[in-house]
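Okay, thanks for coming, everyone.

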Amino acid sequence: MIVNEHIEGFVDSMIPDLPEDLKQLEEWALYNKVPIIRKSMQQFLKVILLEKKPSSILEIGTAVGFSTLFLERFSSKDTKITTIEKVEMRLVHARKNLAGHERIRLMEGDASDLLTQLASDHTYEYDLIFLDAAKGQYPDFLVPIRKLLSKGGILITDNVLLEGSIAESKFTIERRDRTIHKRMREYLFELTHSEDFETVILPVGDGAAVSYKKG
Ligand SMILES: C[S@@+](CC[C@H](N)C(=O)[O-])C[C@H]1O[C@@H](n2cnc3c(N)ncnc32)[C@H](O)[C@@H]1O
């Protein structure tokens with residue numbers, strides 16, 4: 001948690017209730033310890049969707065499909081959504097939850113391979129990319145993402161503040177977490193210093209980087 005519990009509770013109390021089906025899936029996911037986007041990230045995505053009106057969305061990290069269905073619900077009726085997940089125990093539920101949703105394409109496999117595949121195809125471009133997967137891989141994903149994001153497109157990266165530890169010196173980070181710490185700092189440095197992006201890092205959820213692609 002980035003913001004103190006008291007403030008996060010207040011902010012969350014201002015967020016309207018989810019539609020019943022999403023509410024039930026959210027409850028199921030939380031009960032079964034599936035990590036899904038927090039309330040503040042949900043509301044943030046909703047506002048971005050209304051403002052940006054993306055015609056195509058790419059999500060990396062489907063889990064059981066909660067955020068995918070959320071993106072579908074609050075985007076335009078003709079918005080197409082591609083979502084990537086690799087873990088079978090998540091896919092079992094994602095396949096079921098996303099079945100019959102014609103605007104959603106579930107790609108099964110490792111995002112490292114699938115993103116490279118999509119980028120080399122040159123036929124795919126996305127107005128909005130939502131990155132919510134393995135944090136240590138974010139710098140590698142950025143290479144194909146740069147190609148896949150349309151000019152003027154928005155990349156939202158979740159969990160970038162690593163529960164606040166991103167701000168700590170590497171010497172105070174447990175040895176096992178140092179690689180992720182280093183890689184996330186590199187990722188954020190690239191997003192904030194690259195000529196291709198204008199980026200703001202926000203304490204929404206577990207920290208979100210919002211990047212606008214300039215060229
Ligand atoms: C935080 S969860 C996603 C939650 C989901 N976006 C939601 O809010 O409902 C991250 C997911 O990314 C998946 N993931 C992590 N690394 C991946 C990779 N390299 N390729 C595909 N999926 C990956 C994990 O299996 C996990 O289900």
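Let's begin on helix α8, where His 181, Met 184, Tyr 187, Leu 188 and Leu 191 are buried, buried being under 20% relative accessible area and exposed over 50%, with partly exposed in between, for a 1.4 Å probe and protein chains only. Looking down the axis of α8, you'll find those buried residues within an arc of 130 degrees, so they line one face of the helix; the arc is taken from the directions from the helix axis to the C-beta atoms. Here's the background: an α-helix has 3.6 residues a turn, so residues three or four places apart point the same way.

Before I go on, this is a predicted model, where local features need pLDDT of at least 70, side-chain atom pairs count only at pLDDT 80 or more, and totals for chains, interfaces and linings use all residues. Residues are numbered from 1 along each chain as its sequence is written, and side-chain values use heavy atoms, leaving out hydrogens and water. Helices (H or I, at least four residues) and strands (E, at least two) are DSSP runs, numbered from the N terminus.

Back to α8: Thr 179, Lys 182, Phe 189 and His 193 sit on the other side and are exposed. And what covers the buried residues? The cover includes β4, α7, β5, β6 and β7, with contact meaning heavy atoms within 4.5 Å.

Now the sheet. It's open, with seven strands in the order β3-β2-β1-β4-β5-β7-β6 and mixed pairing; two strands pair if DSSP finds at least two bridges between them. β3 (104–108) and β6 (197–202) are the edge strands, each pairing on one side only.

Zoom in on β1, residues 56–60. Five of its five residues are buried: Ser 56, Leu 58 and Ile 60 on one side, Ile 57 and Glu 59 on the other.

Who are the neighbours of β1? It runs parallel to β4 (residues 126–131), joined by four bridges, and Leu 58 stands opposite Ile 129 there. Five bridges join β1 to β2 (residues 80–85), also parallel, and in β2 the bridge partner of Leu 58 is Thr 82.

Last one: helix α3 (residues 39–52) lies across β1, β4, β5, β6 and β7, at about 170 degrees to β5. Axes here are lines fitted to C-alpha atoms, for helices over the stretch in contact, and angles run from 0 to 180 degrees between N-to-C directions.
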